[in-house]
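Subject: A structure for you to look at

Hi there,

Here is the structure I promised to pass on to you. Please open it next to this email and follow along as you read.

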Amino acid sequence: MAVVRAPRTRRRPLKTTGTLPPEGSAAALGRDHSLPVRQWPITVVLAVAGLGLAVIWFADFKIGLLIVGIALLLGAALRLALPEVGMLAVRSRFTDVGVLTFLGGVVVLLTLVAQPDPWLHLAWLDDIGRLVGRPRH
C-alpha cells in the first residue's frame with residue numbers, strides 16, 4: 001500500500017505541526033556577504049549594547065545603562081521597520097517589538113530614577129519609598 005503525501009508548498013500550514021521560523025528571520029543581505037554583514041541588524045544592536053557596557057565599566061553607570069536601554073529600543077525599531085532582520089527575529093514581529101520596547105523602556109526609566117541624584121523625580125516613587133521606610137528628603 002503506497003503512502004499518499006500532500007504536495008510540498010512554501011505556504012504555512014493552517015495548523016502548526018512543528019517549529020516554524022519567525023517572520024522576517026531571513027538574512028538582511030544575500031549570501032555573497034559575510035555573516036556579520038548579512039546579520040547587520042543584530043550586529044548593530046549588540047555593538048551599541050556592548051558600548052553601553054563598556055561605558056558602565058569605564059565611566060558612568062547611568063550613561064552606560066541609558067545606552068543599553070537605547071540599544072534595546074533600537075532593536076525594537078529595527079524589528080518593526082525592516083522586513084528581514086535575521087537573528088534579531090525571535091518570535092512574531094508583534095512579540096519581538098513588544099518585548100524589546102518594554103525592556104528598553106524599563107531600563108531607561110529605572111536609569112532615570114536611579115539613586116543617588118536621580119535625573120527624573122516621580123512623586124509616586126517617593127510615596128512608595130515612605131511606605132517601605134525610606135525617609136523623604
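Let me start with a pair of helices: helix 3 and helix 4 cross in a left-handed way. Before going on, please keep in mind that this is a predicted model.

**Helix 3 and helix 4**

Two packed helices are described by the angle between their axes and the distance between the axes. For helix 3 and helix 4, the angle is about 160° and the axes are 8 Å apart. An angle over 145 degrees counts as roughly antiparallel, and helix 3 and helix 4 are therefore roughly antiparallel to each other. If you want to find the place where they meet, look in helix 3 for residues including Leu-65, Leu-66, Gly-69, Leu-73 and Ala-76. On the helix 4 side, the residues that meet helix 3 include Val-97, Leu-100, Gly-104, Val-108 and Leu-112.

Arg-79 of helix 3 and Asp-96 of helix 4 also belong to this meeting place, and they are worth a zoom. How many salt bridges does a search of the whole structure find? The search finds one. Its partners are Asp-96 and Arg-79, whose closest N and O atoms are 2.8 Å apart. Since Asp-96 lies in helix 4 and Arg-79 in helix 3, the pair ties together parts that are 17 residues apart in sequence. Are these two partners buried or exposed? Asp-96 counts as buried because its relative accessibility is 7%, and Arg-79 counts as buried because its value is 0%.

**Helix 2 and helix 3**

Now turn to the other side of the story. Helix 2 and helix 3 pack with their axes 7 Å apart, at an angle of about 170°. That makes helix 2 roughly antiparallel to helix 3. From helix 2, the contact is made by residues including Trp-40, Val-44, Val-48, Gly-52 and Ile-56. From helix 3, those taking part include Phe-61, Gly-64, Val-68, Ala-71 and Leu-78.

You will find Gly-64 in helix 3, where it is buried because its relative accessible area is 0%. Not counting residues up to four places away in sequence, Gly-64 touches Gly-52, Val-55 and Ile-56. The C-alpha atoms of Gly-64 and Ala-54 are 7.3 Å apart in space, and the two residues are 10 apart in sequence.

Next, have a look at a pair of loop residues. Met-87 lies in the loop between helix 3 (61–81) and helix 4 (93–112), and Gln-39 in the loop between helix 1 (35–38) and helix 2 (40–58). Which residues does Met-87 contact, leaving aside its neighbours within four places in sequence? They are Gln-39 and Ile-42. Met-87 counts as exposed because its relative accessibility is 52%, whereas Gln-39 is buried, with a relative accessible area of 9%. Along the chain, Met-87 and Thr-43 are 44 residues apart, yet their C-alpha atoms are separated by 9.3 Å.

Most residues other than glycine have a negative phi, and most peptide bonds are trans. With that in mind, go to the loop between helix 4 and helix 5 (123–131), where you will find Pro-116. A cis peptide bond joins Gln-115 and Pro-116, with omega about -5°. Asp-117 lies in the loop between helix 4 and helix 5 as well. Its phi is near 55°, a positive value in a residue other than glycine. Asp-117 counts as exposed because its relative accessibility is 62%.

**Stepping back**

Finally, zoom out to the whole chain. Of its 137 residues, 25% count as buried. The chain exposes about 10300 Å², and carbon and sulfur atoms supply 68% of that area. Among contacts between residues at least 6 apart in sequence, 54% join residues at least 24 apart.

Enjoy exploring, and write back with any questions!

Best wishes

Methods. Residues numbered from 1 in each chain as written. Predicted model: local features only at pLDDT ≥ 70, side-chain atom pairs only at ≥ 80, totals over all residues. Heavy atoms only, no water. Helix = DSSP H or I, 4+ residues; strand = E, 2+ residues; numbered from the N terminus. Buried < 20%, exposed > 50% of the residue type's maximum accessible area, 1.4 Å probe, protein only. Contact = heavy atoms within 4.5 Å. Salt bridge = Lys/Arg side-chain N within 4 Å of Asp/Glu carboxyl O. Areas by Shrake-Rupley, 256 points an atom, 1.4 Å probe, with all protein chains shown as cover. Axes fitted to C-alpha atoms, helices over the stretch in contact; angles between N-to-C directions. Parallel < 35°, antiparallel > 145°, perpendicular 65-115°, else oblique. Left-handed = near helix turned anticlockwise from the far one by under 90°.
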